[in-house]
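Trainee: I would like to learn how to read a structure like this one. Could you take me through it step by step?

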Amino acid sequence: MPAPIIKIDAISKSFGAFKVLDGLSMQVMPGEKLALIGPSGSGKTTILRILMTLERIDAGHIQIEGEQLYHMERNGQLLPADERHLTKMRQKIGMVFQLFNLFPHKSVLDNVTLAPMLTKGTPRAAAEKRAFELLDMVGMADKAKNMPAQLSGGQKQRVAIARALALSPKIMLFDEVTSALDPELVNEVLNVMRRLAAETDMTMLLVTHEMGFAHDFADRVLFFDGGKIVEEGKPDEIFSHPKQERTQSFLKKIIAAGHRV
Amino acid sequence: MTAWAGYIELILEGAVVTIKLTLMGSVLALVVAFIAGLGRLSRFFAVRALATAYIEFFRGTSIFVQLFWVYFVLPLFGITLTPLQAGVLGLGLNVGAYAAEVVRGAVQSIGKEQYEACTALNLGRWQGMRHVILPQAFLVMLPTFGNNAIELLKATSIVSLISLADLTFQAQVVRSQTGNTMVPFTTILVIYFALAMLITWGIRRLERRLSRGLDGVRA
Ligand SMILES: Nc1ncnc2c1ncn2[C@@H]1O[C@H](COP(=O)(O)OP(=O)(O)OP(=O)(O)O)[C@@H](O)[C@H]1O
Ligand SMILES: [Mg+2]
């Protein structure tokens, strides 16, 4: 059995007096597609943001490919990671945001090429070639010269996915990437993600309220409540035969609210 | 008639000095504004303290006294400046302090999601600043920079007090030689106003150029 690509070990995180995560542990295997579901405020986004180093942990350890994320090993001792270490670790991880966070002053193409050129020193020609491949994959190659403001939400999100992929991360984090979209634009983004899941061996963590998509996409579903994993299992187990009462009532509420399961 | 031609020439020479001062002062102000404005946002306490001290000092004291200090007191420390150098230094540092706050405010007005996108794309602090934050913040700064430049233009008239032959100085020369106050001072009033309008127009044009495509209008 291969080693986990992500190993989260007893991490805690508070915002002020409010403890969002309290000793959370979990592991993700290489290539695994994980769906994180759960009620609002249960800490799903916080976990992704911690993995992307957008939020620091108060306690615990995280290993990515066996290497500490927030610590550096020096002479057998664990020290807090410095910016250089974090920069090295971030190369393995990419993230797509709910609100796309595209750079509004840069064209679609420049949004995708900027980071590879700056962080990897990729020459412009090579970066653009790769960008066109990725934009083609997300169906946005013909809009390469457009500015983000000229795109629909679904198109923006597809560009954001291409932008994150351009750095070839081993782990991709998706935080409710369709929840800001008009309903008729959701599928174009989900289709891209389906293709990604099918065609790459990237490890993918997905936070979503789209239960139907989570069912198709994920190898494993984690149900969170109050910063804890209440129940986990294969999509069929979680969605068809949830064992925990809290999982059952959450899914019931979601269906009542009109989400497709 | 020939006398008036000479006076017009005087005024035009003054206009050249005023324009020179405004341009050079603005360049200095701009450079200082970015250094001090970004300095205020530094991670390092010493840098922040230094930037804050500069900004508060130059905003808190009169530009008139600053200019006199630069021109008359600095020589006592062995630094003698020409009137033009003193004028550019005084005006640049003074307006730069105001513009530094504009830089800081504009950088802070850029949403946290843009910084987070930079982190997620693994850009370094300075790379993100240079390629993502500042280009967007610059657009926010521009209109206020325009006001700052106009303030600087108007403030140039005080250099006449250190005997620099700018517009105001020349108007006084004409006045003392002709005994006429209305004509020279009305003339420079109009010239100052025209220069201010020129600045406004230039900034607007730049703004329009730089914001092309940002609002969803086809580039
Ligand atoms: N920067 C912050 N400051 C203070 N509280 C925060 C901050 N970020 C998150 N929280 C709080 O932490 C809790 C967990 O937030 P998180 O965003 O991880 O939840 P979530 O599971 O993603 O919820 P949702 O489904 O609504 O997106 C919430 O109660 C939230 O209010
Ligand atoms: Mg969330």
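Trainee: Does S107(A) count as buried or exposed, and what is its relative accessibility?

Mentor: Before the answer, a word on the source: this is a predicted model, in which local features need pLDDT of at least 70, side-chain atom pairs count only at pLDDT 80 or more, and totals for chains, interfaces and linings use all residues. Residues are numbered from 1 along each chain as its sequence is written, chains are lettered from A and ligands numbered from 1 in the order in which they are written, and side-chain values use heavy atoms, with hydrogens and water left out. Now the general idea: buried means under 20% relative accessible area, exposed means over 50%, and partly exposed lies in between, with a 1.4 Å probe and protein chains only. S107(A) has a relative accessibility of 11%, so S107(A) counts as buried.

Trainee: Where does S107(A) lie, and which residues is it in contact with beyond its neighbours within four places in sequence?

Mentor: Helices (H or I, at least four residues) and strands (E, at least two) are DSSP runs, numbered from the N terminus, and S107(A) lies in the loop between β8 (93-96) and α3 (108-119) of chain A. Contact means heavy atoms within 4.5 Å; leaving aside the neighbours within four places in sequence, S107(A) is in contact with A144(A), K145(A), N146(A) and M147(A).

Trainee: What can be said of G128(B) in the same way?

Mentor: G128(B) has its place in helix α6 of chain B, and with 4% relative accessibility it counts as buried. Not counting residues up to four places away in sequence, G128(B) touches C118(B), L123(B) and I133(B). By contrast, its C-alpha atom and that of V190(B), 62 residues along the chain, are separated by 44 Å.

Trainee: How should I read the overall form of chain A, and how many helices and strands does it have?

Mentor: Chain A has 9 helices and 12 strands. The radius of gyration is taken over C-alpha atoms, and the globule rule is 2.2 Å times the number of residues to the power 0.38. For chain A the radius of gyration is 19 Å, close to the 18 Å that the rule gives for 261 residues, so chain A is as compact as a globular protein of that length. The C-alpha trace of chain A spans about 55 × 50 × 40 Å along its principal axes, and 54% of the 261 residues count as buried. Of the contacts in chain A with a separation of 6 or more, 63% are between residues 24 or more positions apart.

Trainee: What is the volume of the largest pocket, and which residues lie nearest its centre?

Mentor: On a 1 Å grid over the protein atoms alone, a cavity is a set of points where a 1.4 Å probe fits but cannot get out, whereas a pocket is an open set with protein on both sides within 12 Å along at least five of seven lines, and lining residues have an atom within 4 Å of a point. Grid points are joined across faces, edges and corners, and a volume is the space filled by probe spheres set on the points. The largest pocket has a volume of about 870 Å³, and of its 27 lining residues R43(B), Y115(B), R125(B), W126(B) and M129(B) lie nearest its centre.

Trainee: How do the residues of that lining divide by class?

Mentor: Ala, Val, Leu, Ile, Met, Phe, Trp, Tyr, Cys and Pro count as nonpolar, Asp, Glu, Lys and Arg as charged, and the others, Gly among them, as polar. The lining of the largest pocket has 12 nonpolar, 7 polar and 8 charged residues. The second largest pocket holds about 550 Å³ of space, and its lining has 18 nonpolar, 5 polar and no charged residues.

Trainee: What is the phi of N75(A) near?

Mentor: Most residues other than glycine have a negative phi. Phi of N75(A) is near 50 degrees, a positive value, and N75(A) is exposed, with a relative accessible area of 81%.
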